[in-house]
Amino acid sequence: MSFELAGPLVWPGLTLLAYLAGRAVQRRLGGSALANPVLIAIGIISGLIIATHIPYGRYFAAAQPIHLLLGPATVALAIPLARNLHHIRKCARAVTLALVTGGATAMVTAVGIVFILGSPRVIGMTITPKSVTSPIAMGLAEEIGGIPALTTVLVIASGIVASALGPSVFRLLKIKDWRAEGLAAGVAGGGIGSATIAVRNGLAGAFAAVGMGLNGALTTLLAPLAPLIWK
Amino acid sequence: MAQQSWSVTDIPFGLAILVGFEMMGEVVSHLMPVKAPGAVIGMVLLTAVLVLGDARPKSQDLERLAPTALDRVADAMIGNMGLMFIPAGVGIVAQLGLVSANLVSLTTAVIVSTVAGLVATGAVFVRVMGSRAGGEGDDQ
């Protein structure tokens, strides 16, 4: 397509513009969490590459400069974590119990629902690791026979759901505790859930980073059990 | 937190620390018997260095552990992490057939399991702690 004549930065540039457009739409809609900028941007870029017949692989290769920032951004969660580690140490037992229960619940309900609704085995293996951060999830999906690219999309969708519905869920549960809300965001919403809540509160961000990291470990142990459901 | 002077030259410093720990994490990940992503290992390593690197790990001092440049770069990256998920997320276009064939199942599973995970984590945490309110936070 001719606009690729704009040079190697055209896809990173368009990705950046789509993200800004997504944020502008969200602001226009009064900051609604359902108008998620990431979701909007994914829609814009997807529409664009479909309309211009650009294969996804070509877009992804061109957008690497943005994709590669995910690694250092994940490492950056160490800062709220280090800053608040003394809070986490004080409630290590609650963190451990909540994490194991929450992580197992998210995984078992996801796999159970796609099984009951009659989806094929490959969908089950793809959705099993979806609550953990995408690099772990993709590796696990590959290991148990899922589709890593689709797992990534489900990880993002879970992060968006956790970010959008988290505040309402905790209001309904009448829980006013940044530690609980942060941990839950990390366990159920992975990287996006953690990043969203880290912006709202540093303490919550620290608990989210712990939830995300430890749920990655828990899911790594539990995920190999999922193939046993589909005979 | 005390506002310190911030100059453009600090950006490479903060970024270099994050990139350096990511790379260290990748190396460690290759040496480990189980699969774990380098970025998550890097996060654990940097946390350890930030906490252990301080001679006085008192709660009031912890917020001063991280250099300001690192703080600023980290805040900017965490605040815009969504941007970095877009290239992988567009991968949905390569899976449209599978997604549309299982749309109801996938949508239901993602929404229900995420909410169930939030509820279970939050409820168990406050049950064990014995309080529904707390954790005011001291760093922002």
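**Exercises on the contact between chains A and B**

In this predicted model, 77 residues of chain B are in contact with 100 residues of chain A (C-beta atoms, placed from the backbone, within 7 Å). Residues are numbered from 1 along each chain as its sequence is written, and chains are lettered from A in the order in which they are written. Local features need pLDDT of at least 70 and side-chain atom pairs count only at pLDDT 80 or more, while totals for chains, interfaces and linings use all residues.

**Exercise 1.** Determine which element of chain B gives the most to the side that touches chain A.

*Solution.* Among the elements that each supply at least two residues are helix H1 (10–31), helix H2 (38–52) and strand E1 (133–134); helices are DSSP runs (H or I) of at least four residues, strands (E) of at least two. The greatest share comes from H7(B), with 24 residues. By class, this side of chain B holds 50 nonpolar, 21 polar and six charged residues; Asp, Glu, Lys and Arg count as charged, Ala, Val, Leu, Ile, Met, Phe, Trp, Tyr, Cys and Pro as nonpolar, and the others as polar.

**Exercise 2.** Describe how H10(A) packs against H7(B).

*Solution.* Contributors to the contact include A:Leu154 and A:Phe170 of H10(A), and B:Leu106 and B:Gly122 of H7(B). Finally, the contact residues comprise 13 nonpolar, four polar and no charged.

How values were computed. Axes fitted to C-alpha atoms, helices over the stretch in contact; angles between N-to-C directions. Contact = placed C-beta atoms within 7 Å.
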